[in-house]
Each structure stands twice: as C-alpha cells, then as structure tokens.
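Look at the two chains and the spaces around them. How do we decide what to call each feature? Let us go through them.

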Amino acid sequence: MMSIETIENEIIEEFSLFEDDVFDKFGRLIDLGKNLEKMDPALKTDNRLIKGCQANVWLYSELKDGKIYFKADADADYAKGLVAMMIRVFTGHTPEEILNAPLQFIQKIGLNSMLSMKRAGGLESMIKQMKLDAIAYKVQS
Amino acid sequence: MTAPGIINKTGIGIEKIRADFPILSRQINGKKLIYFDSGATAQKPKLVIKAIADYYENQNANIHRGVHTLSQETTVAYESARVTIQKHLNAKHPHEIVFTKGTTDAINLVACSFGKKYISKGDEILVSAMEHHSNILPWQQLCEEKGAVLKVIPINDAGELIIADYKKLLSEKTKIVAIAHISNTLGTINPIEEIIALAHVKNIPVLVDGAQAVAHTAVNVQALDCDFYCFSGHKLFGPTGIGVLYGKEKWLNELPPYQVGGGTIKTVSFAKTEYADLPLKFEAGTPHIEGGIGLAVAIDYINTIGLDTIAAYEHELLEYATHALQKTEGVRIIGTAKKKASVISFVVDGLHPYDIGVLLDAQGIATRTGHHCTQPIMDYYCLPGTVRITFAFYNTTEEIDQFIKALIRTIERLR
C-alpha cells in the first residue's frame, strides 16, 4: 500500500495536467466519482449521511487488520468525486496515518478555490467524518 | 436571427445598460461572467454604488434624532426615498411605506403583528404550494403558536394555481391570504388581482410577496387593492439589507408594533409607553439609511428605462431561452405556466442539478441550483432540485447562446 503522501502526490500530478482549467478539473473529479466502488444500498442509511454536505453523501467504514476501509456514495457526481478522492487517499491506512495526513493536495490542485463555500464545507465535513471514524477506531483498539 | 446583444423589437439600449453595471465585465474562472442569477440578487448600477459611497463620504448621520445639518440632510434624503417608493408603488400615503430588512422581515412583521391581534385557535391562514419558505414559515410558526390551521392552494403540473380550489379554500375561518406575485422557482405570474378580489368578497385581507415581481413588472398597490405588499431592495437593483412593506393605512394603524425600541415611540416611562405614528411605529432602531437612499436611486434608474420596456425585453429573452432549452436534448423545463416572468427552472434527465451548476460555473455562468427555498415545489415535482436561470434587462440573447453551448458541453461531459 502506497503511503498517503505518495497518493497525494499522484493526485497533484494528475490534476496538474489541467493547469487552471476549472471545467476539466471538475470533469476529472467527476470521473473519479464514476469509478467509485458501488456501495450496497442497505448501507445507505440516514445515520450514515454526512452532515454539512449540500448533496446527499453516505459514508461507511470498517476496521480490518488495524486498517480502515471506506465505502461511500453520493447523489451528485461532483460530491461522489470528492468522496472518491478522499477514499483513495485514506482507505487501507491506519487510524494514526489518517489522523496525521497533511492533505496539502487539496490546496495544491486548487480545490478550495474551485469549490463554493457551501461545497468546500461539504468536503470539510467528509474529511471530518473520516477522521472521526479514525478516532473511534483508534480508541477501540 | 437578431444581431447579438440587440433586441430591436423592444428598442432597449442594451450596450449602454450593460456599461452601467461594472460587475458584468468580471471574469469567472477565466471566462466572461454570464450572470443568470438576478432572481437571487440583482446587480447594481454605478449610480446606486455611487449613492452609497456619497452618503458615507458626505452625509452620514443618524436620522430623526438630531438637529444638526448632517442629521437634517440625511433625514430629508431618507424620507425622500420613502416618497420615491410610495410613488413607485402608487401608494396613497408615504406613511404606508415601512422600511424593513427585506421581504422575509416584512412578512415576519405582518405575521407577528397580525397574528398577535387577529389569529386565534381554529382560524385558517391560506398560502400557496409555490411559496418561498419566507412566505410559509412565518405563517406556519404562527399557526403552531396559536393552534390555527395552515391551508395550501394547490398547483397544477404547469405550475399554475388552481383557482377553483382556492375559491373552495376561502371560508369564514380564513383570516388572511399570503401569496406570491411571481414564483421565484417556476416563474409563474399569479392572477393576484383575481385572488385579492375573491378574498375581499369575504373581507379577507391579502399579503402579496412581491420579491420576485418588482424587478419585472410595474406594481400599483391601489389598483391591486392588496392589503400588504412586500419586496426586497436587493432584487430591485438596490442594496442588500433593505426592503419595503406596503400596508394599507387602516391595517398598519390597527396592527400592534413588531420590534420595539428607539425610534418607535412618542413617550416612554416604566409605567406606560406611547408608540409613534406610522411609519415609525414599525421602524425600530437605526435603519439601513444608505439602503433606503440607494433603493430610491435604483428605482429612479429603472424608471429611466421604464418597467414596461423592461418587461417586454425580458419576455423576449424568456421566449428565446425557452425555445433554445426545449431544443436541447434531455432538458425538461419545470414550470410552464401560460404567464411567466423571466425565470426558467429546468432539469436534465439523469443528471443532478448540482453537477450541472458546478460545470456551468466553471465556464463562467452563474446559475442557481437546488430547491430555491421552495422545497414544497420540489416535493410536488419529485425532484431534488432544479437548475434555475433568471434574466434581468442587462442580459442578452448572445449570453443565452453561450449558455446553451456551455450546457450542451456540460451534458456531454457528465454523461
């Protein structure tokens, strides 16, 4: 498994191909969402909805051999893309690694300037929930 | 096809008008801004921006409170603004014009004050299924407090009120009707003259939410005979934070004060307080002085163009855009009333409105996506939201052409 830093650098490189073209960057984000592993509809319960997202985003996590694996779905493609990107960064890593992730790629790919305040808030909420899950698993183990 | 940027049928001087609005020359994400969200807030002409700056540079003082020159000048400017609004709405008296923070504030004022005096358990309040949340929640809350009942005038699939049902809903228990002049989501222009006349047969007062209407059509409150009419300054090319409640003198005199404090009184003692005459009874605290002044400047500006001209031009834009959207594969327009203002909500089959809005914004096009503060409308159409485009008299058919190209590109990217 690649380190979180390596994955972040991969994402930075992928998005650098689009330079400042916001349309293409969003397009790439939406492609990431389309490749998100399908989530079992039974897991899409109200208590798994992430609060603070403009679109509906469901997040599920489980701990296996000391590593957290995430699944998610969203009803809007851009939100699916955002959560897919975060899952790519976080899934398969320990709670400690997730909690210490710098997440510098968000600014480096220009994501915070691409997203409106409401949608940036949604991304923050996704990250916050994933980190809360990491804290919960860390406390349990 | 007509030359880009010029609609000759109406004869509006579009290039000069666009030059009056500095923000229209902005770029968004490296693209020329196409602002199709005037329904959320309208852009401001230079005259309004200058009036606010001038106020702070040369006039700033509190009103109604001082005897020094600045205070007198500002009071005169503010009260002149009130008269401008009175004339614009053709109200009988300037004291029938109450300055508020906006439409939401105005409706809350009436709901609270009218509710305090006139609503009891079992009474009915009538709103429509197409109302903005600001014209639902104050009434809903009032009903919950008083044990009154909120009744809803239904709409048909075209987004028009079903007047036959409205007539049946008007009963001896109905105490007030609250209705939108124009729907902010569907663009429907409601037959408010008929709605008011039917209510008045049973002596039921009517509040009209004019937030979406005042930028698109002339409003004559005496001709309408509405009991209350409210709107927001920022949707009429004026500043944010200022709005107007028109109320017939007889109603405003009867209603108890809403928010109280400085400015609303004649005399105060711990034993008893005597409240001021209209309109100050309803204007507590230091008001948004530059907001009132700026709003009057905005009204004077649009009157140099003329609301009839504006309405005719916007109708051309509406027809042009509607035709173009109907030809775009996968697009479905929500709200197809026979009489519409320049508001178009649409969805694209299989695509989420947020995704469309995000990719349009990436191409410099400002639209609104979501429920537009009208969740009951979304429930009716079983939609999570729509994409909404709203036009003002500074928009052009050229912009609509670019929007359609951008929409097609967006749809192709999302499929």
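A polar contact is a pair of N or O atoms within 3.5 Å; within protein, one must be able to donate a hydrogen and the other to accept it. This is a predicted model.

Q: How many residue pairs meet that rule across the interface of chain A and chain B?
A: Five residue pairs are in polar contact there, both residues being at pLDDT 80 or more.

Q: Why is the pair B:R413 and A:D31 called a salt bridge?
A: The rule asks for a side-chain nitrogen of Lys or Arg within 4 Å of a carboxyl oxygen of Asp or Glu. The closest N and O atoms of B:R413 and A:D31 are 3.0 Å apart. That is within 4 Å, so the pair counts as a salt bridge. The count between chain A and chain B is one.

Q: What makes a residue part of the contact between chain A and chain B, and how many residues take part?
A: Contact means heavy atoms within 4.5 Å. By that test, 16 residues of chain A touch 14 residues of chain B.

Q: Which elements of chain A supply at least two residues of the side that touches chain B?
A: They are α2 (22-34) and α3 (77-90). The largest share comes from α2(A), with nine residues. By class, this side of chain A has seven nonpolar, two polar and seven charged residues.

Q: How is the size of an interface often given?
A: It is often given as the accessible area lost when the parts come together. Between chain A and chain B, about 1,400 Å² is buried. Carbon and sulfur atoms give 57% of that area.

Q: What shows where empty space is left?
A: Rolling a probe the size of a water molecule over the atoms shows it.

Q: What makes a space a cavity, and how many cavities of 30 Å³ or more does the structure hold?
A: In a cavity, a 1.4 Å probe fits but cannot get out. The structure holds two of 30 Å³ or more.

Q: Which residues line the largest cavity?
A: Among them are B:S38, B:G39, B:H216, B:K235 and B:F237. The classes are five nonpolar, four polar and one charged.

Q: Which elements give two or more residues to the lining of the second largest cavity?
A: They are α3 and α7 of chain A. The most comes from α7(A), with five residues. The lining includes A:C53, A:Y78, A:K118 and A:M126. Eight lining residues are nonpolar, two polar and two charged.

Q: Why is the largest pocket called a pocket and not a cavity?
A: A pocket is an open set of points, while a probe in a cavity cannot get out. The largest pocket holds about 850 Å³ of space. Of its 36 lining residues, the closest to its centre are A:Q54, A:S116, A:K118, A:R119 and B:T369.

Q: Which element gives the most to the lining of the largest pocket?
A: It is α12(B), with four residues. The lining divides into 17 nonpolar, 13 polar and six charged residues.

Q: What is the volume of the second largest pocket, and which residues are closest to its centre?
A: Its volume is about 380 Å³. Of 19 lining residues, B:I189, B:N190, B:P191, B:I192 and B:K339 are the closest to the centre. The lining has ten nonpolar, five polar and four charged residues.

Technical notes: Residues numbered from 1 in each chain as written. Chains lettered and ligands numbered in written order. Predicted model: local features only at pLDDT ≥ 70, side-chain atom pairs only at ≥ 80, totals over all residues. Heavy atoms only, no water. 1 Å grid on protein atoms, 1.4 Å probe; cavity = no way out; pocket = protein on both sides within 12 Å on 5 of 7 lines; lining within 4 Å. Points joined across faces, edges and corners; volume = space filled by probe spheres on them. Nonpolar A, V, L, I, M, F, W, Y, C, P; charged D, E, K, R; others polar. Buried area = accessible area lost by both parts, 1.4 Å probe. Polar contact = N/O pair within 3.5 Å; in protein donor to acceptor, adjacent residues only side chain to side chain.
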